[in-house]
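Please open the structure in your viewer and keep the selection tool at hand. The tour below goes from one selection to the next and says what is there at each stop.

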Amino acid sequence: MTQTNPAVARGRKPKKMSPARYGLYGLLVISATFFLTPLYVMIVTSLKPLEEVRLGRLFSLPADITFDAWIKAWSTACTGVTCAGISPGFVNSVQITVVSVLISVLLGAVNGYALSFWRYRGANVLFGILVMGAFVPFQAVIYPLIVFQREIGIFGSLAGIVMVHCIFGMPIITLIFRNYFSSLPEELFKAARIDGAGFWQIFLRIMMPMAVPITAVAVILQTTGIWNDYLLGLVFGGRDNQPMTVQLNNIVTTSYGVREYNVNMAATILTAAVPLVIYFLSGRFFVQGIAAGAVKG
Amino acid sequence: MTNGVSIRDLSLSFGSLSVIDTLNIDIQEGEFLVLLGPSGCGKSTLLNVIAGLLEATDGEVWISGRNVTWEEPKDRGIGMVFQSYALYPQMTVEKNLSFGLQVSGMAKPEISKRVARAAEVLQIEPLLKRRPGALSGGQRQRVAIGRALVRDVDVFLFDEPLSNLDAKLRAELRVEIKRLHQKLSNTMIYVTHDQIEAMTLADRIAIMKGGVLQQLDTPQTIYSRPANRFVAGFIGSPGMNFLNAELEAGADPAFKVGASRIPAAGYSFDGLGLVAGPVTFGVRPEHVAAGEQAEKLPFVTDVPIEVIEPMGADTLVWSRFEGQEFTFRIDSEHTYRVGDQVRIGFDPARASVFDASGNRL
Ligand SMILES: Nc1ncnc2c1ncn2[C@@H]1O[C@H](COP(=O)(O)OP(=O)(O)OP(=O)(O)O)[C@@H](O)[C@H]1O
Ligand SMILES: [Mg+2]
């Protein structure tokens, strides 16, 4: 026993850095470095002129900083035949994401609410099917969906791609909302029914105002998922609704002569910026919502 | 006289589990009925059926002379107060009170009039702008009552409204609910498993066990003439003493407990009358006298003191009578010690006797 601290125990206990703590911090630093190194390389490369990139000094800071690569990536880089940068893709992605997120979150919320409070006949079966839907690999249903959309004439349109995102987002969003609503006291629902409120009134005026944190979670999940999607956008977007990810791929793969690494890097960062910004802005909200669902569910 | 609420042949089962079994209760207009029973006996379920939140498997529910078995909760003329208050957390107290009225499309001035009146009755005017999160338990409960009050209903349903509160607040709100009932005089059905609440509030108490009505009567009758052994043991604290006895018929009928003979002459038999055989003889601890007061009573004996429990107002003594556990209450100013022999006496007229299947004789 060491007698280094003979003072009486009183008030706040002094914090000590134990070896385990050093180990923990060490591990954190290492993993942060591991994930941040590629980002660092991307950023410095995108700020270098092409000649400097060719020198191959991956980790050195740019000698003279230039934003030419960023401007080119945004507005003049060639994505196949057209050379307007990835800005059209950005606009497409915003359209697709906003519409799909709105619709899928709203539908998921209504589903979850109906499943947890209005226990109509067959609700459990329906829920089982929905949960199973969450595990079906979407590659397996792409072809039937294409045929279906072609038949009803929305293949390749904004409506088509939005519909696909809503279908694939539905199970998980429904699940999230159902679990959240199940954690609310049932007496609240009963009280509202005695007050005479109907299906929609209870949903809009009682339940949704209480579901703000979980709605934030759903919106974030869907936004990042849809924004980062490549395959569905490529297949269902058609020529006019290619999302940013598809155009990014086109920039990176179509190169006449020299590979413009700085432009590629800039385009990649631009594409990844949206989900990153969302995480940074709403990180705390997100964690709160997840915790609320997890503890009570 | 129309009935406030009538339950007719009501049954309810969840799958194969029968929770309520052909229940019949008539509750008069303006009556305060308390549903009392152990946990899981179906009290909340019954209340939910009356409110229209659960569908009955069979039977009818009548409210104010109307068959409402198939009606929506809002059309039944009931207001309900829940154990967990169930206030809408994101609305102010005022909104909580007015929500139901708004939904029904009532005009604004009428809504504010009603909210103001309810707030005045319940003395929650200073709280109207607050949210439920910023209220104490008692205040929340008052708001929950207010929500039923503004709707001007014929029947109030309370599901253990006070069980989340501490003992002192519970006593206060209990009196307030009683006052409220005297003022409004509408029908109230009140679920609890607190027998003090039941005894103090009720015009009549319905005691349930396993979804079956055991006894429906005034608090005094239930206390002094319990219909069966379950009711006798459920009401009263500390519980009634139950002695295994043998009823002897003849010219001088008596309850034989071990070697002792308790004269049965004073006991008024119900229904079947005097049938010889094994019985359970029940006597409440507070109906047993000790010391000098015991001498005058029809039955007197001496018992040894095993444990003494001072309870403040009086003292509970644990002893043994003919080898069977026996408790009685004495004045807290006493000089007994553990091991003493003490003279006790009681009057068989105040006892309750049950046959082998537990029904009152
Ligand atoms: N949705 C349900 N499905 C199946 N069984 C249920 C359901 N709701 C209640 N029960 C059962 O019905 C019985 C009665 O329940 P109820 O809630 O009416 O009891 P209670 O008398 O109110 O008890 P407590 O005093 O604990 O509130 C219990 O055995 C309970 O397990
Ligand atoms: Mg209950």
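Begin by selecting Trp227(A), which sits in helix H10 of chain A, the helix that spans residues 212–228. Keep in mind throughout that this is a predicted model. Is Trp227(A) buried or exposed? With a relative accessibility of 3%, Trp227(A) counts as buried, because the cut-off for that class is under 20%.

Now show what surrounds this side chain, leaving out neighbours within four places in sequence: Trp227(A) is in contact with Phe90(A), Ser93(A), Val94(A), Thr97(A), Gln222(A), Met244(A), Thr245(A), Thr271(A), Val274(A) and Pro275(A). One of these residues, Thr271(A), deserves a distance label, as its backbone oxygen is 2.9 Å from the side chain of Trp227(A). For a sense of scale, draw a C-alpha to C-alpha line from Trp227(A) to Pro144(A), which spans 23 Å in space, while 83 residues separate the two in sequence.

Next, select the nonpolar cores. The largest has 71 residues, and those with the most contacts inside it are Phe177(A), Phe181(A) and Met207(A) from chain A, together with Leu35(B), Leu46(B), Leu157(B) and Ile189(B) from chain B. Centre the view on Leu35(B), whose contacts, apart from neighbours within four places in sequence, include Ile25(B), Lys43(B), Leu46(B), Leu47(B), Ile189(B) and Met208(B). As background, nonpolar side chains in soluble globular proteins tend to be buried together.

Move on to ligand 1 and display the residues around it. These are Phe14(B), Leu17(B), Val19(B), Ser39(B), Gly40(B), Cys41(B), Gly42(B), Lys43(B), Ser44(B), Thr45(B), Glu160(B) and His193(B). Sorted by class, this shell has four nonpolar, six polar and two charged residues.

On its own, ligand 1 has 630 Å² of accessible area, of which the protein covers 58%. Colouring by secondary structure shows that strand E2 (17–28) and helix H1 (43–51) of chain B are the elements that give two or more residues to the shell, and that H1(B) provides the largest share, three residues.

The last stops concern backbone geometry. Most residues other than glycine have a negative phi, and most peptide bonds are trans. Select Thr22(B) in strand E2 of chain B, where phi is near 30°, a positive value in a residue other than glycine; Thr22(B) counts as partly exposed, at 49% relative accessibility. Then go to Glu322(B), in the loop between strand E17 (314–321) and strand E18 (324–331) of chain B. Although not a glycine, Glu322(B) has a positive phi of about 50°, and its relative accessible area of 35% makes it partly exposed.

Finish at Pro238(B), in the loop between helix H8 (229–234) and strand E11 (241–248) of chain B. The peptide bond that joins Ser237(B) and Pro238(B) is cis, with omega about -5°.

Conventions:
Residues are numbered from 1 along each chain as its sequence is written. Chains are lettered from A and ligands numbered from 1 in the order in which they are written. This is a predicted model: local features need pLDDT of at least 70, side-chain atom pairs count only at pLDDT 80 or more; totals for chains, interfaces and linings use all residues. Side-chain values use heavy atoms; hydrogens and water are left out. A residue is near a molecule or strand if one of its heavy atoms lies within 4 Å of it. Accessible areas come from the Shrake-Rupley method with a 1.4 Å probe; for residues, only the protein chains shown count as cover. Helices (H or I, at least four residues) and strands (E, at least two) are DSSP runs, numbered from the N terminus. Ala, Val, Leu, Ile, Met, Phe, Trp, Tyr, Cys and Pro count as nonpolar, Asp, Glu, Lys and Arg as charged, and the others, Gly among them, as polar. A nonpolar core is a set of buried Ala, Val, Leu, Ile, Met, Phe, Trp, Tyr and Cys residues joined through side-chain atoms within 4.5 Å. Buried means under 20% relative accessible area, exposed over 50%, partly exposed in between (1.4 Å probe, protein chains only). Contact means heavy atoms within 4.5 Å. A polar contact is a pair of N or O atoms within 3.5 Å; within protein, one must be able to donate a hydrogen and the other to accept it, and residues adjacent in sequence count only if both atoms are side-chain atoms.
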